[in-house]
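Please keep the structure in view while reading.

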Amino acid sequence: MPSKVLIVDDEPNIVVSLQFLMKKAGFVTSVARDGEEALGAVAEFRPDLVLLDVMMPKRDGYEVCQELRASGWTDLKIVLLTAKGRETEVAKGLAIGADAYVTKPFSTTDLVDTVTRLLAGEGG
Amino acid sequence: MNDRLRTARLVGVGVLALVLFNFPMLAMFDTDALVAGVPVLWAYLFGVWVIVIALLAWIARSR
Amino acid sequence: MIDLRVIVVVSVAYLGLLFAIAYYGDRRADRHRSIIANGYVYALSLGVYATSWTYYGSVGRAASTGVGFLPIYLGATIMAALWWLVLRKIIRICKQNRITSLADFAAARYGKSALLGGLVTVVAVVGIVPYIALQLKAISNSFTVLRGEPPAVAGAADPPLLTDTALYVALLLAAFTIVFGTRKIDAAERHEGMVAAVAFESLVKLIAFLAVGFYVCYAMFDGLGDLFGIARADPDLSQLLVLGGFEEYRSWFWLTVLSMLAVLLLPRQWQVAVVENVDERHIRTATWVFPLYLLLINVFVLPIAIAGLTSFAPGTVNPDAFVLALPLAQQRADLTLLVFVGGLSAATGMVVVETIALATMVSNSLLLPVLLRRENALAEHRDLGRSILRIRRITIVGLLLLGYAYFRMAGESLELVAIGLISFAAVSQFAPAILGGLYWRGATRRGAIWGLVAGFVVWAYTLPLPSLARAGLLPASFVDGGPFGIEMLAPYALFGVTGLDEVTHSMMWSMLVNLGLFVGLSLTGRQDPAEHVTASIFIDGMGKLDSSTEARLWRGSATVCQLEVLLARFLGPDGAHSALLAHAERTGADVSPDAAAEAGLVAHVEALLSGAVGSASARFVVASVVDEEPLAVDEVLQILDETSQVLAYSRALETKSLQLQAATTELRAANERLQELDRLKDEFVSTVSHELRTPLTSIRAFSEILSDNPDLEVAERSEYLQIIVAETERLTRLINQVLDLSKLESGGAEWRVEDVDLDDVVATSVQASAQLFRERQVSLEVVADPLRPAPFVRADRDRLVQVLLNLLSNAVKFCPPETGHVEVTSHPDGDWIQVDVRDNGPGVAESDRAVIFDKFRQGGDTRVARPSGTGLGLPISREIVEYLGGRLWVESIPGEGAVFSFTLPIAEGAH
């Protein structure tokens with residue numbers, strides 16, 4: 001059974017590119033447009049991994065990540081995507097429970113590798 | 001009220017009293033008519049006196 | 001007619017009560033539980049101003065001059081308003097320097113001049129003894145009236161000495177004064193028992209006078225209106241209700257001034273107001289309670305005078321006795337006795353306080369300076385303290401007997417008020433030296449002495465002397481024709497000045513010479529070193545320069561032992577020792593017997609002795625045991641200069657430190673502003689980088705996808721390529737706007753401001769955005785007001801187009817497709833023209849209305865608009881409009897659309 005990836009971003013063009021990349025790597029995808037939608041989608045779609053944009057309206061990626069970890073989603077892999085690449089922000093993201101931190105603009109190969117590696121690690 | 005202000009106000013009342021209790025204010029009320037049964041001049045002097053005392057009390061007692 | 005025995009019993013009982021109160025007051029003071037430490041008691045004790053002259057004499061004066069008796073109390077009221085300024089300063093100086101009397105104050109101010117102190121004492125005694133006589137006369141008269149005998153008239157035979165009540169009264173009062181006024185050697189100590197008794201007496205006389213006033217007005221007559229009505233109807237009495245003329249106003253003015261000075265400078269007032277003051281804050285209470293007291297005790301004076309004049313046949317009853325005679329004629333023995341006791345209070349209170357004050361002056365400023373200067377005086381007497389007390393006691397008896405003698409000699413021939421005013425005029429001679437010395441640094445001893453002497457001589461020549469002539473003690477021709485027939489020197493018309501009443505005449509001349517000499521000699525003469533020092537201490541009396549500076553001004557050598565021996569002579573060995581120990585504890589000075597006394601200790605010993613023997617004598621006594629090196633004038637000046645320089649420096653430092661503090665605060669605020677700006681800039685850079693990375697992300701992702709997947713379908717490939725193009729456009733737009741905004745904000749933008757046709761600009765903008773509107777199927781309408789004048793505005797045409805394009809694209813973005821409608825209107829508003837861009841989109845929430853003008857902040861649901869908006873359009877538009885002098889804002893009803901409006905100044909000459 002293929003792994004499920006939830007894409008959370010408010011930029012439609014980025015969502016299109018991510019969907020393309022994930023499908024091509026063999027994952028099943030679903031999309032959420034903001035933080036609140038993301039929380040609902042996780043409960044419903046039960047993904048193995050979330051690609052989570054940080055700068056979003058309503059609730060930002062950090063909040064969503066914290067909330068997911070707090071409500072028991074400990075096995076869920078979370079990859080933060082952000083256009084803010086400063087080190088403090090990377091550290092903050094990892095500190096609140098993200099598994100990886102990818103800076104925009106990202107290399108598509110690196111992103112797919114990161115996702116694949118995280119999901120393989122979970123598989124054993 | 002600070003000390004400087006209190007002093008200035010008290011001295012101000014003193015000067016006011018000096019003016020009101022003397023010519024020419026005095027001449028304005030110096031008639032032998034009666035007002036409410038008392039002489040005009042007598043009423044004027046005691047009236048001003050009461051006002052002056054009230055002012056002094058107000059300034060001296062305020063904190 | 002009241003039985004003599006009743007009168008005697010009541011009098012003795014009342015005086016016994018006074019003894020008891022005074023005794024209780026002293027006992028409480030000894031146990032440090034003062035009963036006089038209270039502003040109201042202080043104010044009541046100041047009521048000693050109202051003597052039997054007020055109590056009996058005011059009615060007498062009112063019976064002849066009507067309201068003319070009032071200035072004596074109105075002047076005192078005016079001075080009460082100045083107490084907080086003047087009296088407080090005097091009290092502080094006296095407490096600091098242990099000054100015990102008016103004479104000592106004058107002496108201490110002018111270089112501890114024994115001569116000036118003595119002069120003040122002489123003037124006070126000469127001026128006040130008749131006043132004491134007056135009180136004795138009042139008591140004596142009241143006895144006579146009570147016993148139903150006709151009041152003594154001028155020329156009546158005096159009663160034999162041993163049956164004269166006045167003599168016994170005088171002796172009794174002397175005893176009281178000695179017991180309660182000379183308990184302690186240190187005259188600077190308060191006489192609490194005496195003050196308590198005097199305050200009680202003030203209460204008694206007020207109650208008694210109000211009682212008789214009510215009785216006369218409301219029991220004998222039908223109220224104030226009735227009495228004044230009677231007076232108004234009678235041609236003679238109606239004269240009492242008015243003053244009537246300029247001469248009267250002039251006398252009135254001088255009486256006001258006279259009483260202003262007297263209420264401060266009468267020895268008894270000085271005693272209760274200054275020496276007996278417990279706490280300077282009590283002045284605040286007294287400032288209004290004392291005038292209130294005076295008002296109450298004067299309310300019924302004129303009505304009683306009218307009642308007396310109506311009730312008794314002219315000439316049968318002395319108006320001075322109306323207060324007693326009225327209730328007596330009504331057979332009201334109880335009320336009459338109460339009035340009598342009230343009168344007794346007024347007289348005894350005055351006599352006791354005045355005698356203590358005078359006795360202190362006579363002993364400390366007149367007798368001691370002479371006695372101590374006698375050779376061997378210090379060597380002869382082992383215990384000087386006791387001899388000083390003895391001197392004071394003898395002085396008290398002497399003063400009262402002097403008063404009694406005056407009363408026997410001349411008292412019967414004078415009205416009460418006349419003597420009172422003569423005394424007032426005498427003490428007002430102190431005003432230039434005392435009040436001038438309080439505020440004028442340059443006042444000299446020579447000026448003070450000669451002013452006082454000359455003023456006193458003129459006073460004596462123009463007031464008491466002619467009154468003695470009237471009493472038959474001098475030839476009567478002296479008064480009218482002048483001495484030896486020289487009319488220019490006639491005492492009531494000096495140098496031909498006539499038309500003034502006696503008191504005004506005397507005050508005018510005596511004040512003229514007194515002030516003239518005081519000012520003139522002070523301006524032309526020089527102060528000696530001692531005067532410089534004391535002048536500084538007095539002028540800076542509000543706590544700036546103190547006796548420690550004075551200590552610096554003393555140079556000499558003595559041992560502690562010598563000083564202790566000296567102190568012991570006055571305070572006793574125990575007192576001296578504990579005084580030195582107390583000083584050592586406070587200042588840390590070395591007081592072991594063989595140590596050299598430091599200047600501070602010498603100054604302290606001198607201050608201690610000042611309380612006992614007066615400042616002039618204290619200086620002399622101390623000088624007798626220490627080897628003093630006199631300081632030269634320039635040395636003193638130098639030290640005083642240094643002191644004032646230190647003061648000036650410290651003031652300057654204070655100012656500097658305040659300035660520094662202000663500068664620091666400013667710097668801190670500036671720094672905070674800078675940090676805030678820095679933070680904003682940081683945030684801006686971070687936001688810009690985010691906004692740049694977002695399109696870059698799409699561009700890179702799709703470029704890599706296209707490159708990694710050559711086998712993509714044509715449709716897909718073309719879609720992705722279009723995304724890349726759109727995102728690149730977005731990126732370009734963003735960079736342009738950021739640069740634009742930064743140019744606008746830094747002021748680096750180029751502006752071509754000219755008269756611009758607004759309609760043309762609107763047309764251009766509408767045309768430019770027409771494509772956008774077509775795409776989204778939103779209708780656009782321009783509404784022109786046909787009535788408005790030619791719509792020329794001052795603006796930069798291109799920038800204005802930019803603003804309108806921004807607003808239009810903003811509007812179209814938020815409009816619903818197909819049903820969307822945008823309207824552009826413009827209308828003049830005074831010197832301005834306002835342009836509105838109205839849409840029917842979702843509107844702007846109240847909370848967003850301010851933030852949408854911030855950089856990169858977009859309102860509402862931004863998902864739709866994201867690719868086409870940079871979040872910089874509105875901030876840029878606002879910058880432009882504000883640069884052009886207008887304003888840009890939004891109004892909106894959420895759900896029904898928004899109106900973005902801006903104003904621009906109409907071009908001059910266009911309207």
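C:Arg700 has a relative accessibility of 34% and therefore counts as partly exposed, because this class lies between the limits of 20% for buried and 50% for exposed. The model considered here is a predicted one. Its partner in a salt bridge is C:Glu704, with N and O 2.7 Å apart. C:Glu704, by contrast, has a relative accessible area of 16% and is therefore buried. Why are C:Arg700 and C:Glu704 separated by about one helical turn? The reason is that they are four residues apart in helix 30 of chain C, which comprises residues 633-708.

A further salt bridge joins C:Arg838 to C:Glu823, and here the closest N and O atoms are 3.9 Å apart. C:Arg838 belongs to strand 7 (residues 832-839) of chain C, while C:Glu823 belongs to strand 6 (residues 821-829) of chain C, so the pair ties together parts that lie 15 residues apart in sequence. Both residues count as partly exposed, because the relative accessibility is 38% for C:Arg838 and 22% for C:Glu823.

Which residue forms a salt bridge with C:Glu280? The partner is C:Arg92, and the closest N and O atoms are 2.6 Å apart.

Taken over all chains, the structure contains 19 salt bridges. In chain A, a network of salt bridges links A:Asp9, A:Asp53 and A:Lys104. As a general principle, side chains of opposite charge can pair when their charged atoms come close.

The discussion now turns to nonpolar residues. In soluble globular proteins, nonpolar side chains tend to be buried together. How many residues does the largest nonpolar core have? It has 210 residues, and those with the most contacts inside it are B:Trp49, C:Tyr49, C:Trp83, C:Phe105, C:Leu302 and C:Phe430.

Leaving aside residues up to four places away in sequence, C:Trp83 touches several residues, among them C:Leu46, C:Arg88, C:Val263 and C:Phe290.

Contacts also join residues that are separated along the chain. C:Pro905 is located in strand 9 (residues 897-905) of chain C. Between C:Pro905 and C:Asp831 there are 6.0 Å in space, C-alpha to C-alpha, although the two are 74 residues apart in sequence. When residues up to four places away in sequence are not counted, C:Pro905 touches C:Asp831 as well as C:Val793, C:Arg794, C:Trp832 and C:Leu884.

Finally, chain A contains an open sheet of five strands in the order 2-1-3-4-5, with parallel pairing. Which strands form the edges of this sheet? They are strand 2 (28-32) and strand 5 (100-103) of chain A, each of which pairs on one side only. On average, and with direction ignored, neighbouring strands of the sheet are turned by 20° against each other. Strand 4 (residues 77-82) of chain A runs parallel to strand 5 of chain A, and four bridges join the two. A:Thr82 has A:Thr103, in strand 5 of chain A, as its bridge partner.

Conventions
Residues are numbered from 1 along each chain as its sequence is written. Chains are lettered from A and ligands numbered from 1 in the order in which they are written. This is a predicted model: local features need pLDDT of at least 70, side-chain atom pairs count only at pLDDT 80 or more; totals for chains, interfaces and linings use all residues. Side-chain values use heavy atoms; hydrogens and water are left out. A nonpolar core is a set of buried Ala, Val, Leu, Ile, Met, Phe, Trp, Tyr and Cys residues joined through side-chain atoms within 4.5 Å. Buried means under 20% relative accessible area, exposed over 50%, partly exposed in between (1.4 Å probe, protein chains only). Contact means heavy atoms within 4.5 Å. A salt bridge is a side-chain nitrogen of Lys or Arg within 4 Å of a carboxyl oxygen of Asp or Glu. Two strands pair if DSSP finds at least two bridges between them. Axes are lines fitted to C-alpha atoms, for helices over the stretch in contact, and angles run from 0 to 180 degrees between N-to-C directions.
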